[in-house]
Amino acid sequence: MTLVQTLLQKQEQGEQHATARYSLADNIYATAELDFSVGTVNLWLGANVMLEYTYQEALNFLTANYDTAVRELKESEQDLACCRDQIVTSEVTMSRIFNWDVRRKRQQSQAGNKV
């Protein structure tokens, strides 16, 4: 998102060209000539899909995706908190059942010793 914002600012400032270095792979970099006057950027969407957007469309698209990701992260955190609560409840219940069984066996052994 920040890169697209920078491209948009450069275009609004009237700059035409710039040179950028980018990573092709680990420790392998290439140089690219950027032309701000074109006003488009290609976004890699995944699954071998790349689309061309204007700077503003790309910024809107990336902002919407970011907002969705933040919202879904919060929902996931709430779901995890609920699961943690359920785990604690289950562990407490299992402990109570175990303790009940220990008391029951103790009472049975004491009743058998009295006879």
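## A helix network, a hairpin and a core

Aspartate 101 and arginine 104 sit 3 residues apart in helix H2 (residues 55-114), so about one helical turn separates them. Helices here are DSSP runs of H or I with at least four residues, strands are DSSP runs of E with at least two, and both are numbered from the N terminus. Keep in mind that this is a predicted model: local features need pLDDT of at least 70 and side-chain atom pairs count only at pLDDT 80 or more, while totals for chains, interfaces and linings use all residues. Residues are numbered from 1 along each chain as its sequence is written, and side-chain values use heavy atoms, with hydrogens and water left out.

**Salt bridges**

How many salt bridges does the structure hold? There are 3 of them, each being a side-chain nitrogen of Lys or Arg within 4 Å of a carboxyl oxygen of Asp or Glu.

| Partners | N to O distance |
|---|---|
| Glutamate 15 and lysine 10 | 3.7 Å |
| Aspartate 101 and arginine 104 | 2.6 Å |
| Aspartate 101 and lysine 105 | 3.4 Å |

Back to helix H2: aspartate 101 and lysine 105 are 4 residues apart there, so again about one helical turn lies between them. Salt bridges with shared partners tie Asp101, Arg104 and Lys105 into one network.

**The hairpin**

E1 and E2 run antiparallel and are joined by 8 bridges; two strands count as paired if DSSP finds at least two bridges between them.

Most residues other than glycine have a negative phi. Asparagine 27 lies in the loop between E1 and strand E2 (28-35), and with 74% relative accessible area asparagine 27 is exposed.

Asparagine 48 is another one to look at: its phi is positive, about 60°, although it is not a glycine. Asparagine 48 belongs to the loop between strand E3 (40-46) and strand E4 (49-54), and it is exposed at 70% relative accessible area.

**Nonpolar residues, outside and inside**

On the surface, Tyr22, Leu24 and Ile28 form a nonpolar patch, together showing about 300 Å² of accessible area. Patch members have over 30% relative accessible area and no salt bridge; like charges are joined within 9 Å, and nonpolar side chains (Val, Leu, Ile, Met, Phe, Trp, Tyr) within 5 Å. The areas come from the Shrake-Rupley method with a 1.4 Å probe, and for residues only the protein chains shown count as cover. Tyrosine 22 is part of strand E1 (residues 17-25) and is partly exposed, with a relative accessible area of 38%.

Which residues make up the largest nonpolar core? It has 10 residues in all: Val4, Leu7, Leu8, Phe36, Val41, Leu43, Tyr53, Tyr55, Ala58 and Leu59. Helix H1 (2-12), E3 and H2 each contribute at least two residues to this core. A core of this kind is a set of buried Ala, Val, Leu, Ile, Met, Phe, Trp, Tyr and Cys residues joined through side-chain atoms within 4.5 Å.

**Across the model**

Valine 49 is in strand E4 and is partly exposed at 33% relative accessible area. Not counting residues up to four places away in sequence, valine 49 touches Leu43 and Trp44. Valine 49 and arginine 104 are 55 residues apart in sequence and 65 Å apart in space, C-alpha to C-alpha.

Note on methods. Buried < 20%, exposed > 50% of the residue type's maximum accessible area, 1.4 Å probe, protein only. Contact = heavy atoms within 4.5 Å.
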